[in-house]
Amino acid sequence: MATDPARSRWFVLVLVRLVTAAAAVLGIVLLARAQDVSGKVTGGALVLISLWSMAMVPQALARRWRSPVE
């Protein structure tokens with residue numbers, strides 16, 4: 001049986017969402033536990049980047065993988 005490319009693409013989308021959510025949680029932990037300003041800046045940057053990636057990367061991949069219009 002041939003593998004369906006939609007199934008592997010769906011797994012990639014789910015993996016991207018899970019990794020970016022884990023990065024956001026890590027950033028929040030860094031923000032909460034940081035003692036100095038550099039740690040808080042790093043944690044805040046990680047949260048912002050992961051939230052942006054969570055919104056944009058799956059959408060961009062879905063657009064790229066969209067079936068061509070006939």
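User: How many residues does α1 have, and what span does α1 reach from its first C-alpha to its last?
Analyst: This is a predicted model, in which local features need pLDDT of at least 70, side-chain atom pairs count only at pLDDT 80 or more, and totals for chains, interfaces and linings use all residues. Residues are numbered from 1 along each chain as its sequence is written, and side-chain values use heavy atoms, with hydrogens and water left out. Helices are DSSP runs (H or I, at least four residues) numbered from the N terminus. The expected span, 1.5 Å times one less than the number of residues, is 42 Å for α1, and the 29 residues of α1 come close to that value, reaching 42 Å.

User: Are α1 and α2 roughly parallel or roughly antiparallel to each other?
Analyst: The axes, lines fitted to C-alpha atoms over the stretch in contact, have angles running from 0 to 180 degrees between N-to-C directions. Those of α1 (residues 5–33) and α2 (residues 37–64) come within 7 Å and cross at roughly 165°. Angles under 35 degrees count as roughly parallel, over 145 as roughly antiparallel, 65 to 115 as roughly perpendicular and the rest as oblique. The two helices are therefore roughly antiparallel.

User: Which residues of α1 are buried?
Analyst: Buried means under 20% relative accessible area, exposed over 50%, and partly exposed in between (1.4 Å probe, protein chains only). The buried residues of α1 pack against α2, with contact meaning heavy atoms within 4.5 Å. They are L13, V16, T20, A24 and G27.

User: Is W52 buried or exposed?
Analyst: W52 lies in helix α2. Its relative accessibility is 54%, so W52 counts as exposed.
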